[in-house]
Amino acid sequence: MTALDAKLDAARDALAERDGVVVAFSGGVDSSVVAALARDALGDDAVACTARSETLPAEELDDARRVADEIGIRHETVTFSELDNPDFVENDGERCYHCRTMRLGKMYDVARDLGFSTVCDGTNASDPGEGHRPGLRAVEELEVFSPLLAHDITKAEVRKAAERYGLSVADKPSMACLSSRIPTGLEVTEEKLTRVEKAERLLRTWGFSQFRVRDHDGLARIEVAPDELDAALDRDFARAAREHLTDAGFDHVTLDLHGYRTGSVSPAGENAESTAPDLEQEYPVRED
């Protein structure tokens, strides 16, 4: 038995001790592995739940439904709006804390309706050391059970576990909610979330795998993985990006030559943000 096998067995055993669990389920690799472990441990007493809101791209909800079907776990959705919370809309350094508190609170509502006392999430052993993560405080305060974290399962091991389960998301890049595209200090609005979602749909259609479109109050800053920069510099893509993102409501469209960087508009990334404009190529809204 490998070390990972022992960790996964321990996580299943811990889940099996619960009367039933609701897994906060995004359809990403972390929550998918937790859902698979919970399904193994509890059968029909394990339920995956996805929170629907303005910050969740429609494609991600479709993926969550598809992956839940792969796992064979019951899948529920709950609808709410982070925009109802003025602290979230303000978009200070604690935005993720406010969001996660609301989202997990809805999971507990579902759990109570089902007669369960436990909500699980996909926090893994690599997460606490990854910079500014206020959402983890909400996980702790609400006493959410994080089996991957509790049994020291790292992100790399999560992907190996997903491969063992044959999950299609084993290599899926991390995906944060749409509000993470709006720099700290700029208000989160439905208009901004909608135009970011439309913009990122274009990149997905063009085949990019790791990307973000940051919304700097009307200026779109496209980030793609360094190994995909050549494709982003293609003239046809530049033309499509300029046209589609302008139609979506952006005033200017730029490409960040740093490439994709996690949290580049969060408090931890403020220093990088301050120098980014010098390294951007602009896709002008109108050609001269």
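These are my notebook entries on one predicted protein model.

**Ground rules**

I number residues from 1 along each chain as its sequence is written. The model is predicted, so I note that local features need pLDDT of at least 70, that side-chain atom pairs count only at pLDDT 80 or more, that totals for chains, interfaces and linings use all residues, and that side-chain values use heavy atoms, with hydrogens and water left out.

**Entry 1: the whole chain**

I looked up the secondary structure and found 12 helices and eight strands. Both are DSSP runs, numbered from the N terminus: helices are H or I with at least four residues, strands are E with at least two.

Next I checked the radius of gyration, taken over C-alpha atoms. A compact globule of 288 residues would have a value near 19 Å, and the protein has 20 Å, which agrees. The globule rule I used is 2.2 Å times the number of residues to the power 0.38. The C-alpha trace spans about 65 × 40 × 30 Å along its principal axes.

I then looked at burial. Buried means under 20% relative accessible area, exposed means over 50%, and partly exposed lies in between (1.4 Å probe, protein chains only). Buried residues make up 50% of the 288.

Contacts came last. A contact means heavy atoms within 4.5 Å. Of the contacts with a separation of 6 or more, 73% join residues 24 or more positions apart.

In what order do the strands of the open sheet of four stand? I read the order as 3-2-1-4, with parallel pairing. Strands pair if DSSP finds at least two bridges between them. Strand 3 and strand 4 (118-120) are at the edges with a single partner strand each, so one side of each has no neighbour in the sheet. From one strand to the next, the twist averages 30 degrees. That angle is taken between axes, which are lines fitted to C-alpha atoms, for helices over the stretch in contact; angles run from 0 to 180 degrees between N-to-C directions.

I followed the pairs next. Strand 1 (residues 21-24) pairs with strand 2 over four bridges, in the parallel sense. Val23 has Ala48 in strand 2 as its bridge partner. Strand 2 (residues 46-52) and strand 3 (residues 74-79) are also parallel, over six bridges. Here Thr50 stands opposite Thr77 of strand 3. Between strand 2 and strand 3 the chain passes through helix 3 (residues 58-71), and this β-α-β crossover is right-handed. Right-handed means that, with the strands pointing away from the viewer, the path from the first strand over the helix to the second runs clockwise.

**Entry 2: two positive phi values**

Most residues other than glycine have a negative phi. Glu143 has a phi near 55 degrees. Glu143 sits in the loop between helix 6 (135-141) and helix 7 (147-150), and at 67% relative accessible area Glu143 is exposed. Asp217 has a phi of about 55 degrees. Its loop lies between strand 5 (211-216) and strand 6 (219-224). Asp217 is partly exposed, at 48%.

Entry 3: Beyond residues up to four places away in sequence, Glu200 touches Leu178, Arg181, Phe211, Arg212 and Val213.

Lys172 lies in the loop between helix 8 (155-165) and helix 9. Lys172 counts as buried at 15%. Its C-alpha atom is 6.7 Å from that of Val29, 143 residues apart along the chain. Leaving aside neighbours within four places, Lys172 contacts Gly27, Glu60, Asp63 and Arg159.
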